[in-house]
Amino acid sequence: MSELPARSADPTARVSILPYSRIVGQDELKLALELNFIFPRIGGVLIAGQRGTAKSTVVRAFALMSGGELPVTLPINATDDRVVGGWELDSLMRGVAKPQPGLLEEADRKGLLYIDEVNLLDDHLVNIILDVVSTGVLAVQREGIDMARHLSFGLVGTMNPEEGSLRAQLLDRFGLMVTAAELDLADRHRMITTVLTFEEEAEAEDSAWLRAAQDDNDTLRTALLAARDGLRDVRLDDSVSRLCAEAAEMVGAVGQRGDLLVAKAARALAARDGVRQVEPDHVRRVLPLALRHRRPDSAHGAAVAWGPEENDRVSALFG
């Protein structure tokens, strides 16, 4: 089993973010993040949701749980130099050419790159980032820099659909997509109680509540690392791979990337469940994550959703 990534004890201990194990609801969002962690070649998670639906909180809590650090966060006004790297300005002014690593190399060290409001980021930069995620290589040839680096990191983007959408070509290149859910009344009540308890316990010198939350985080982290290690042993037989293709065809998924993403996500889910064979139920559970943003209406800028109509279309495949 992989060793647990080293934790940065002091900085993260003071970060006032609700522990991942205590987040209320958002089960689909959390599932997408965990599958992408188990199988990074899924290619990232895009989270859509209205303001105040805890998108950023879940992402940051997940990063602290899984890697012990906050994610590298890409600002909306980021330049090419800040993203891919360039020359250190102070050194250049002294006549010394000293490379300055960009945020992508920092994400490689920390494990996760987070783009808040990705739909407001320049398409050119989004393309660069998605290329690195899909190929695992950052190649830079500009302004006297000629280098290539092998990079590996998780990618998470969030967006508020009220502020515009991503172009279809970019939307399709995110492996999974999820819509942050509005909580029902019971979960709203639980959320209020949980957040107020957390704020009180965070002020205590020694909190049993926080220790229990951290223990649950560590248990999940260990399980996710075991699932990542076990992924290589998970098999997807011919009948189940055909099921992935049939489901994508039935919902009219544009292109073939969705078929493959269903298969990858189903394998990751089987590994998460601790089994070595992908079953039809694994496929069914990941269909919304892998296909909601690849349906024809989504590709033309319509609202991205997965509801009863889509479930009815594929229900015959699963009995």
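Trainee: What share of the contacts in the chain with a separation of 6 or more comes from residues 24 or more positions apart?

Mentor: In this predicted model, residues 24 or more positions apart account for 76% of those contacts.

Trainee: How many helices and strands does the chain have?

Mentor: The chain has 15 helices and nine strands.

Trainee: How does one describe two packed helices?

Mentor: One gives the angle between their axes and the distance between the axes. Here, α11 (residues 238–250) packs with α13 (residues 280–291) at about 35 degrees, and the axes lie 10 Å apart. The crossing of these two helices, α11 and α13, is right-handed.

Trainee: Which residues make the contact between α11 and α13, and how are they divided by class?

Mentor: Helix α11 contributes V240, L243, C244, A247 and A248, while α13 contributes P280, V283, L287 and L291. By class, nine residues in this contact are nonpolar, with no polar and no charged residues.

Trainee: Let us turn to a single residue. Where is R22 placed?

Mentor: R22 is in the loop between α1 (9–13) and α2 (27–38).

Trainee: Which residues is R22 in contact with, leaving aside its neighbours within four places in sequence?

Mentor: With those neighbours left aside, R22 is in contact with T194, W209, A212, A213 and D216. As for its sequence neighbour S21, a polar contact of 3.3 Å joins the side chains of R22 and S21.

Terms used
Residues are numbered from 1 along each chain as its sequence is written. This is a predicted model: local features need pLDDT of at least 70, side-chain atom pairs count only at pLDDT 80 or more; totals for chains, interfaces and linings use all residues. Side-chain values use heavy atoms; hydrogens and water are left out. Helices (H or I, at least four residues) and strands (E, at least two) are DSSP runs, numbered from the N terminus. Contact means heavy atoms within 4.5 Å. A polar contact is a pair of N or O atoms within 3.5 Å; within protein, one must be able to donate a hydrogen and the other to accept it, and residues adjacent in sequence count only if both atoms are side-chain atoms. Axes are lines fitted to C-alpha atoms, for helices over the stretch in contact, and angles run from 0 to 180 degrees between N-to-C directions. A crossing is left-handed if the near helix is turned anticlockwise from the far one by less than a right angle, and right-handed if clockwise. Ala, Val, Leu, Ile, Met, Phe, Trp, Tyr, Cys and Pro count as nonpolar, Asp, Glu, Lys and Arg as charged, and the others, Gly among them, as polar.
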